[in-house]
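Thank you for making time for this today.

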Amino acid sequence: MSVLTRDEAQTRSRLLDVHHYTIDLDLTRGDDTFDSRTVIRFTVRGDTDTADTFVEVKPAELRTVTLDGHPLDPAALDDNRLALKALTPGEHELRVEAAMRYSRTGEGMHRFTDPTDGETYVYTQLFLDDVQRVYAAFDQPDLKAVFDLTVTAPEGWTVLANGVTEHTGDGHWKAATTPRISTYLVAVAAGPWHSVRTEHRGLPFGIHCRRSLAPHLDTDADEILDVTRACFDRYHEKFTEPYPFDSYDQAFVPEFNAGAMENPGLVTFRDEFVFRSAVTDTQRQTRAMVIAHEMAHMWFGDLVTLRWWDGIWLNESFAEYMGYQTTAEATRFTDTWTDFGVTRKPWGYDADQRPSTHPVAPEDVQDTASALLNFDGISYAKGASALRQLVTWLGEKDFLAGINIHFERHKFANASLADFIDSLAAATDRDVHAWADAWLRTTGVDTLTPGVTGDNGSRALDVARTGERPHRIAVGLYDRDLTDEGRLTLRTRLDLDLPQAEPRPIGKLPALVVLNDGDLSYAKIRFDADSFRTLSESLSGLPDPLTRAVVWNALRDAVRDGELPAATYLGIARAHLPHETDLALVDGVLAFAAGQVADRYVTPAQRPAALTTLAELCRDLIRRTEDGDHPGLRLIAVRHRIATAAHPDTIAAWLADGTVPGGPELDPELRWRILTRLAVLGATDEAAIAAELDDDPSATGQEGAARCRAALPDADAKARAWEAMFATDDLSNYLFTATAQGFWQPEQADLVADYVPRYYTEAVALAARRGPAIADAAGRWAFPVHAIDADTLRLGRECLADADPIPALRRKLTDQLDDLARALRVREAHTD
């Protein structure tokens with residue numbers, strides 16, 4: 001597919017004003033295609049006699065095209081572009097009729113049949129340039145227009161769209177006319193939805209899911225709607241512009257590639273957020289944050305939209321920041337920034353240290369394929385961290401004043417970084433232009449290291465900094481509790497601007513110095529020698545979970561940088577995690593310890609000892625929670641105990657009994673976890689997997705079975721899984737991911753060794769055939785992450801140099817190979 005370049009978009013934007021789309025979709029044409037009819041009314045500007053441009057469409061069959069009543073030749077379609085030549089200044093009307101293909105990869109119009117009850121659902125995901133898979137469009141974000149949409153659907157279906165929909169009879173549905181929005185924000189979700197509807201502040205609100213999930217949605221409906229209402233009200237306190245659309249629907253849809261999508265008036269979420277098994281409060285908090293994140297997009301992204309894809313951060317960084325902040329302010333989930341610190345922020349740190357790093361606000365986004373690569377930890381986590389630092393530096397009052405100026409100036413239009421900075425500058429005397437240059441136009445992570453000098457009664461603190469960004473941070477000075485040596489007490493928290501003019505007097509020597517206490521800036525931190533001894537002994541004695549998150553992140557960074565031996569990290573986790581009370585911290589530390597330290601950073605010879613340490617840690621947590629007072633903590637411990645089992649006996653007994661002794665009883669999610677681990681260990685077989693699937697034939701069960709079958713330590717099972725992933729092209733995006741997750745296992749390195757060189761050749765071909773979504777999954781999940789050796793690195797680098805993978809796969813391979821090289825360096829740094 002031809003990608004749109006920035007130069008082409010700018011040329012077309014100067015030429016055209018697009019006023020109105022009339023879109024009619026017929027979803028009754030069969031399982032493979034649907035009919036799409038589009039009428040576009042637009043104006044050609046200028047005083048030249050004629051001009052040429054093009055419209056994008058990617059059909060299964062282009063049937064008819066007429067421009068101002070004159071037919072154009074459908075055979076003139078060149079890939080996804082249809083030329084419109086010799087356009088005269090003035091009004092024009094383009095009509096396009098086509099058959100379009102349904103997708104099984106979460107792109108365009110995705111079609112899903114629920115294996116539980118046989119019901120079918122379709123929904124659109126049109127970001128970033130997948131509009132063309134559904135309707136003809138001048139497909140760029142700054143050519144906003146008004147949309148009228150009608151849909152013909154099978155009887156018994158409900159059609160949801162950006163505005164209120166009306167069933168006019170015989171399966172025909174009409175959506176209310178939208179305000180001016182961008183092409184990629186048009187949305188449709190159709191099927192026999194189960195819906196819970198209400199009204200808030202005069203607007204219809206609804207939540208929707210497939211019928212087989214109805215009991216689970218009903219169980220959580222009050223919580224979801226309470227969060228929705230609370231965030232809606234809080235945004236109206238923050239923003240002077242009211243919510244700009246006529247309704248607010250949230251549809252939980254199957255096989256969704258992202259977490260959610262901010263379609264105006266119809267937000268789509270992955271339906272794993274409809275919890276069918278036990279979850280922790282942190283998972284509920286994550287769902288609440290995603291609701292808040294997507295609602296923020298109604299203003300950041302939908303009301304005011306980026307002009308070109310170099311402004312992704314104007315959408316995602318703001319929604320990320322607002323999502324966490326507003327959830328903390330408006331809901332019962334008040335500790336969201338701890339979760340951000342331990343789960344999201346490392347995503348940004350990792351991405352920012354790879355060769356593929358880019359500024360939060362890049363200047364070199366030349367085309368849509370390049371833009372798609374920037375939806376990463378930098379645009380989300382680093383950008384949100386930068387905004388949190390901006391609020392700290394600017395003050396929330398001036399920050400919100402600048403935002404509201406921005407909305408007023410650019411509502412229902414488009415804006416750039418310069419526009420936004422000008423709006424902020426109008427609300428403050430501070431030099432926000434210089435701040436933006438330092439924070440948004442640069443790459444990399446600064447590192448802050450404390451130094452304590454002077455005599456014991458008159459110590460001074462100096463902070464060394466690698467990097468050039470200014471930072472406003474808090475510095476926590478902690479002393480040992482005189483009544484309990486395992487506890488630490490906060491002596492004081494200093495506000496510090498970096499670079500420092502001179503060392504800061506701090507009195508007597510503290511037991512522990514924590515830079516960036518409160519996590520208000522974005523930087524790696526280190527510890528002086530005395531502080532490291534203290535935290536090694538007393539980390540769990542720090543009183544604030546957010547401080548503990550900062551410390552755990554610093555330890556994580558030190559492991560990744562080869563400065564802290566993996567065994568030392570595991571020892572600190574073994575000593576302190578059994579005493580941790582924050583669920584996000586326990587889960588985040590265990591995930592890193594198992595998924596990175598035990599699986600990648602220690603050698604194969606060291607891995608059994610690492611797994612033993614983690615299993616013992618989990619057993620301690622399970623014993624600690626026997627009283628039933630900490631169900632979330634117990635659930636996390638049970639999950640990780642399953643994942644780190646080196647021997648099958650204990651977890652096999654749990655599966656046979658249907659419960660963990662003392663609880664919890666095994667729900668489908670835990671049963672599939674255990675069966676997957678037993679498959680890895682060679683302690684189950686196809687008959688047991690098939691029996692489990694009979695008991696749970698749901699979509700999640702299908703994925704669990706695919707994961708288990710691919711994990712079996714059997715040559716034939718591996719061959720079947722490989723064939724399904726790389727040869728047949730039959731797997732949906734979710735079934736592909738599940739199969740890939742099962743395939744590579746550290747315990748099976750010898751069994752799958754011959755597939756490592758095959759991966760590079762076959763992944764490149766697969767990505768070219770199936771497109772960016774599967775390319776992303778192949779690069780993320782099907783990469784041989786446990787083949788930590790120089791040959792894997794060499795093969796990957798040769799692939800990048802010679803095989804020309806599509807951009808989505810190239811980016812994933814670049815990142816995976818950098819992580820592989822890092823793992824090799826970590827091993828070498830601490831191998832005797």
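Let me begin with helix H21, residues 715–726, which packs against helix H23, residues 755–770, at an angle of about 25°, with the two axes 10 Å apart. What we are looking at is a predicted model, so please keep that in mind throughout, given that side-chain atom pairs count only at pLDDT 80 or more. Since angles under 35 degrees count as roughly parallel, H21 and H23 are therefore roughly parallel to each other. On the H21 side the contact is made by Ala 715, Lys 718, Ala 719, Trp 722, Met 725 and Phe 726, and these meet Tyr 755, Arg 758, Tyr 759, Glu 762, Ala 763, Leu 766 and Arg 769 in H23. If we sort the residues of this contact by class, we find 9 nonpolar and 4 charged residues, and no polar ones.

The other helix pair I want to show is H11, residues 529–538, with H13, residues 566–576, whose axes come within 8 Å and cross at roughly 45°. That angle makes H11 oblique to H13. Here Phe 532, Leu 535, Ser 536, Glu 537 and Ser 538 in H11 meet Thr 568, Ile 572 and His 576 in H13, and by class this contact has 3 nonpolar, 4 polar and 1 charged residues.

Strand S22, residues 447–453, runs parallel to S28, and 2 bridges join them; Thr 447, for instance, has Lys 524 in S28 as its bridge partner.

There is also an open sheet of 3 strands, ordered S25-S24-S27, and in this one the pairing is antiparallel. At its edges are S25 (484–498) and S27 (512–515), each of which pairs on one side only, and the twist averages 20° from one strand to the next. Strand S24, residues 471–481, pairs with S27 over 4 bridges in the antiparallel sense, and Tyr 478 stands opposite Leu 512 in S27.

S28 leads us to the cavities. The second largest cavity has a volume of about 60 Å³, and S28 and helix H12 (545–560) each supply at least two residues of its lining. Which of the elements gives the largest share of that lining? It is H12, with 4 residues. Lys 524 is one of the lining residues, and among the others are Tyr 349, Asn 516, Asp 519 and Asp 557. By class, this lining has 5 nonpolar, 2 polar and 3 charged residues.

The largest cavity has a volume of about 70 Å³, and strand S20 (304–306), helix H4 (312–330) and helix H8 (396–410) each supply at least two residues of its lining. Trp 299, Phe 300, Leu 314, Phe 318 and His 406 are among the residues that line it, and by class the lining has 8 nonpolar and 4 polar residues, with no charged ones.

I will finish with some details of the backbone. A cis peptide bond, with omega about -5°, joins Phe 127 and Leu 128, and Leu 128 is found in the loop between strand S9 (120–125) and strand S10 (146–152). The peptide bond from Gly 663 to Pro 664 is also cis, with omega near 5°, and Pro 664 lies in the loop between helix H17 (649–657) and helix H18 (668–680). Finally, Asp 68 has a positive phi of about 55° although it is not a glycine, and this residue lies in the loop between strand S4 (61–67) and strand S5 (70–72).

Key. Residues are numbered from 1 along each chain as its sequence is written. Side-chain values use heavy atoms; hydrogens and water are left out. Axes are lines fitted to C-alpha atoms, for helices over the stretch in contact, and angles run from 0 to 180 degrees between N-to-C directions. Angles under 35 degrees count as roughly parallel, over 145 as roughly antiparallel, 65 to 115 as roughly perpendicular and the rest as oblique. Contact means heavy atoms within 4.5 Å. Ala, Val, Leu, Ile, Met, Phe, Trp, Tyr, Cys and Pro count as nonpolar, Asp, Glu, Lys and Arg as charged, and the others, Gly among them, as polar. Two strands pair if DSSP finds at least two bridges between them. On a 1 Å grid over the protein atoms alone, a cavity is a set of points where a 1.4 Å probe fits but cannot get out, and a pocket is an open set with protein on both sides within 12 Å along at least five of seven lines; lining residues have an atom within 4 Å of a point. Grid points are joined across faces, edges and corners, and a volume is the space filled by probe spheres set on the points.
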